[in-house]
Amino acid sequence: MNRSLSLDLTKKIGEEVLLKGWVERVRSHGKIAFFDLRDMSETVQIAAFDDLALKVAGLGVQDVVEVEGLVKAREERYINKEVPTGSIEVELKSLKVIVKSQEMPFDMGGKDLDLQLPTLLDYRALTLRHSKVREIFLIQSALLSGFRKAAESLSCVELSVPTIAASATEGGAEVFDINYYGHRAYLTQSPQLYKQMMIPVFERVFTISHAYRAEPSVTTRHLSESTQMDCEFGFVDFQMLLDLLEEVVIKMLKEVEATCGDILKARGVEKLLLGKTPRLTLRESQKIIYKETGRDNRKEKDLTPQDEIDICEWAKKNHNSDLVTITHFPTAKRAFYTMPDPNDPEYSLSYDVLFRGVEISSGSQRISDYNELVQTIKNRGMNPKNFELYLQAFKYGMPPEGGFSFGLERMTMHILNLANVREASLFPRDMERVDERFSQIEEKEV
Ligand code: AMO
């Protein structure tokens, strides 16, 4: 018999099927026992009677099993509307344990996984298997796929760029330097310099890449290693860039809705509001915040976390949009490659997209003139010699260009309303942890 998948069983009522997967929850009531079997598609309830019920009672959570059984429609009163397989169950005919799991260090058998964040991460290889955790990464997979489709539809070529570089990409102190065969090198803070160098090669490019930031503090929204989804376009101006940015983010969110609607609904996520994205300059947004809340941050160089929440509330209320684009940040606050606004060089042709109260994307029109770029690097106290390869691209025919980058974990976090960005990273890295908590490693070494 060929293997069937749980999700296909609603179309196989009355048929004998072969299933393979992991044991999730076991409920034993003497001569009747149930367990949920999870495979790559879904979980399904298996019902066992008499001798087989005894066998099921002996199953452990995460045992790997092979099941033969009969697919049956459930009586109306037993239908579980919360799961796609809730209208059927499989009556067990034979059960084989392929791999016996060791006993779990904590209870993974519940519908929800009620663990504190450190435990959730200490046992990541296990906790990722729980349906509620797995779902987070199905949303993430939809975001990646939505980004790829959107970028390809705009004729961007996908690239894989290095994450070890000769110079820091975003400036600032938040850079990991590494001993590279006795030379100094850096982990890239973003794929920025490489994607720009590729503009004269392909004109439009995209890359999904890892970014490393030596974040000096522990916050709920910063990771030391994150995933950035970047686009870069040649022959564009500022208005075109804003249109492209908003087109891509809306396509990504629509992909999540289209492919993961069930997950969003089951988790009680509010319907995404994707009306036309309002655009405000930083100063306009600060004026609105002042008017709406009385908080006067009109002279600040950036939005505070509370400002981001408030301006998103405003966008939701007034524009039926979960997104808002903020433009024209002070030039001095943005990375060196950002083009100052020719009409008011104190401010830059830069933008952030905010989504449900947090920044999920940044970008800008870039300085594409070689001499201006060299001068800016010098003005920022950096040495153009450290950017020789990058500057080559500008010396020999760089068209006007710009782009943007989305943070994958941040987007996932805010679609699902997770409390901490670490929950949206498979194996999060931060000041306290690379896989294992440093404090625990130290304990072991003592
Ligand atoms: P920026 O530094 O704003 O821009 O990063 C782009 C997006 O990446 C996400 N992000 C992070 N997520 C989690 N933890 C972090 N430490 C972290 N840092 C950034 C955010 C952010 O909006 N090169 C530019 C982009 C460009 O101009 O094209 C850049 O890196 O969602």
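User: What percentage of the 446 residues of the protein count as buried?
Analyst: The model is predicted, so local features need pLDDT of at least 70 and side-chain atom pairs count only at pLDDT 80 or more, while totals for chains, interfaces and linings use all residues. Residues are numbered from 1 along each chain as its sequence is written, and side-chain values use heavy atoms, with hydrogens and water left out. Buried means under 20% relative accessible area, exposed over 50%, and partly exposed in between (1.4 Å probe, protein chains only). Of the 446 residues, the share that counts as buried is 50%.

User: Which residues touch the most other members of the largest nonpolar core?
Analyst: A nonpolar core is a set of buried Ala, Val, Leu, Ile, Met, Phe, Trp, Tyr and Cys residues joined through side-chain atoms within 4.5 Å. The largest such core has 80 residues, and the members touching the most others are Tyr-390 and Phe-406.

User: Which helix gives the most residues to this core?
Analyst: Helices (H or I, at least four residues) and strands (E, at least two) are DSSP runs, numbered from the N terminus. With 14 residues, the one that gives the most to this core is helix α7 (residues 238–266).

User: At what angle do helices α10 and α11 pack?
Analyst: Axes are lines fitted to C-alpha atoms, for helices over the stretch in contact, and angles run from 0 to 180 degrees between N-to-C directions. The axes of α10 (residues 370–379) and α11 (residues 388–395) lie 9 Å apart, and the angle is about 150°.

User: Why is α10 described as roughly antiparallel to α11, and which residues make the contact?
Analyst: Angles under 35 degrees count as roughly parallel, over 145 as roughly antiparallel, 65 to 115 as roughly perpendicular and the rest as oblique. The angle of about 150° therefore makes α10 roughly antiparallel to α11. Contact means heavy atoms within 4.5 Å. The residues in contact are Tyr-370, Leu-373, Val-374 and Ile-377 of α10 and, from α11, Tyr-390, Leu-391, Phe-394 and Lys-395.

User: Leaving aside neighbours within four places in sequence, which residues is Tyr-390 in contact with?
Analyst: Tyr-390 belongs to the α11 side of the contact with α10. Leaving aside its neighbours within four places in sequence, Tyr-390 is in contact with Leu-193, Gln-196, Met-197, Phe-336, Tyr-337 and Leu-373.

User: In what order do the 5 strands close into a barrel?
Analyst: Two strands pair if DSSP finds at least two bridges between them. In the barrel the pairing is mixed, and the twist averages 55° from one strand to the next. The order is β1-β2-β3-β5-β4.

User: In β5, which residue is the bridge partner of Val-67?
Analyst: Strands β4 (residues 64–73) and β5 (residues 88–99) run antiparallel and are joined by 10 bridges. Within β5, the partner of Val-67 is Leu-95.

User: How many of the 10 residues of strand β11 are buried?
Analyst: Strand β11 (residues 225–234) is covered on both faces, with Met-229 and Phe-233 among the buried residues on one side and Gln-228 and Glu-232 among those on the other. The number of buried residues is 10 of 10.
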